[in-house]
Amino acid sequence: MKKKGKTILYKLKTIKYKNYTILYVLMLMIIVFSFANPLFASWRNLTNIITQNTYFIIAAIGMSFVMIGGGIDLSVGYQMSLVGVITAVLIVSSSIPVWLAILIGLMIGAILGFLNGLIVTSVNIFPLIATLATAMVFQGASFMISEAKTYRLDHALDFLISDSLLGIPFDIWLTIIIVAIASIVFKKTYFGRYIFATGGNEEASKLSGIKTKMIRISIYALCGFFFAVATMIMMAKANVMTSTFGPGTEFTALTAAIIGGISFKGGEGKIWGLIVGIFILQVLSNGMQLSGLGAYVQYVVKGAILLFAVIFDEYQKSKRSKPKIEKTLTQE
């Protein structure tokens with residue numbers, strides 16, 4: 001018993017508490033907003049923050065694959081728009097079953113991501129430029145197919161958010177499963193290690209025998225697939241679909257990923273940090289709304305947070321690389 005107590009004490013002493021800074025930030029925000037407005041700490045509001053953000057978490061998981069692999073995808077918002085419109089058209093205007101429409105939508109999401117990966121790796125264009133261009137293509141296609149109409153889904157996708165298991169809605173189970181799978185992939189599989197290696201140093205990874213081109217195409221395809229899953233849940237919550245749904249989600253996913261410690265330059269990141277990053281953004285948004293601050297102020301604050309997170313990421317990177325440079329110069 002005494003030995004066990006010592007072991008627990010030893011583990012507590014060896015925890016690197018500074019690695020959990022963003023968790024402390026989230027807890028501090030919850031405390032501050034709870035004092036600012038008692039409604040914030042109500043059970044209903046806190047559960048709303050969780051249930052309303054399942055599709056953001058799934059989308060951010062997709063973005064994490066691309067970012068850890070050293071890429072970026074700015075087209076995902078319009079991927080959601082295009083996938084959603086096609087799925088809605090199939091549900092509303094055709095006689096195919098809903099499950100088949102969903103399956104087709106998920107496949108289209110993966111294909112759009114695959115195309116992005118193919119363009120980035122084959123034509124060797126900087127990912128930011130390539131995905132910015134494809135975003136315009138997806139946007140145009142989405143408006144052409146939908147003809148700027150609003151599609152009412154007549155609760156066809158309600159089962160995604162209304163059905164429950166053990167009292168927990170299906171979309172929350174789906175989010176938990178996706179988070180668990182992503183964590184296992186990054187921590188326990190060769191594929192996950194190859195993604196980190198490719199994002200950290202692509203040339204060195206190539207020389208060590210990793211098929212970096214295949215890895216990069218795969219992570220873009222996975223990103224497209226996860227954003228398509230997020231699209232289905234988003235549509236279920238809104239019960240309608242238009243071409244304007246989706247754009248903007250990439251900003252939230254990108255900001256949450258960087259706040260959560262996923263490096264903008266690739267090769268670093270943790271899934272739990274990503275989840276905390278999402279909740280920091282949503283707690284901030286919810287708390288500011290309850291405090292009476294308008295949407296424009298929220299944009300300013302979120303933009304400032306993103307800027308700060310990028311600067312901090314750059315500072316951390318340069319701080320880590322400095323000893324390596326000094327060591328190299330000393331050896332010379």
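# Exercises on a predicted protein model

Of the 332 residues of the protein, 43% count as buried, where buried means under 20% relative accessible area, exposed over 50% and partly exposed in between (1.4 Å probe, protein chains only). This is a predicted model, in which local features need pLDDT of at least 70, side-chain atom pairs count only at pLDDT 80 or more, and totals for chains, interfaces and linings use all residues. Residues are numbered from 1 along each chain as its sequence is written, and side-chain values use heavy atoms, with hydrogens and water left out.

## Exercise 1

Task: State how many helices and strands the protein has.

Solution. Helices (H or I, at least four residues) and strands (E, at least two) are DSSP runs, numbered from the N terminus. By this rule the protein has 15 helices and four strands.

## Exercise 2

Task: Describe how the axes of helix H9 and helix H10 cross, and which residues make the contact.

Solution. Step 1. Two packed helices are described by the angle between their axes and the distance between the axes. Axes are lines fitted to C-alpha atoms, for helices over the stretch in contact, and angles run from 0 to 180 degrees between N-to-C directions.

Step 1. The axes of H9 (residues 170-188) and H10 (residues 190-200) come within 5 Å and cross at roughly 75°. Angles under 35 degrees count as roughly parallel, over 145 as roughly antiparallel, 65 to 115 as roughly perpendicular and the rest as oblique. H9 and H10 are therefore roughly perpendicular to each other.

Step 2. Contact means heavy atoms within 4.5 Å. On the H9 side the contact is made by Val185, Phe186, Lys187 and Lys188, and on the H10 side by Tyr190, Phe191, Gly192, Arg193, Ile195 and Phe196.

## Exercise 3

Task: Determine where Asp171 lies, whether it is buried or exposed, and which residues it touches.

Solution. Step 1. Asp171 lies in helix H9. Step 2. Its relative accessibility is 2%, so Asp171 counts as buried. Step 3. Not counting residues up to four places away in sequence, Asp171 touches Thr51, Thr54, Leu160, Ile161, Ile233 and Lys237.

## Exercise 4

Solution. Step 1. Step 2. Step 3. Step 4. From C-alpha to C-alpha, Met80 and Phe226 are 10.0 Å apart in space, and they are 146 residues apart in sequence.

## Exercise 5

Task: Locate Leu166 and Asn239, and state for each whether it is buried or exposed.

Solution. Step 1. Leu166 lies in the loop between strand S2 (164-165) and strand S3 (168-169). Its phi is near 55°, a positive value in a residue other than glycine. With a relative accessible area of 75%, Leu166 is exposed.

Step 1. Asn239 is found in the loop between helix H12 (212-238) and strand S4 (240-241). Although Asn239 is not a glycine, it has a positive phi of about 65°. At 19% relative accessibility, Asn239 counts as buried.

## Exercise 6

Task: Consider contacts between residues at least 6 apart in sequence, and give the share that joins residues at least 24 apart.

Solution. Among these contacts in the protein, 77% join residues at least 24 apart.
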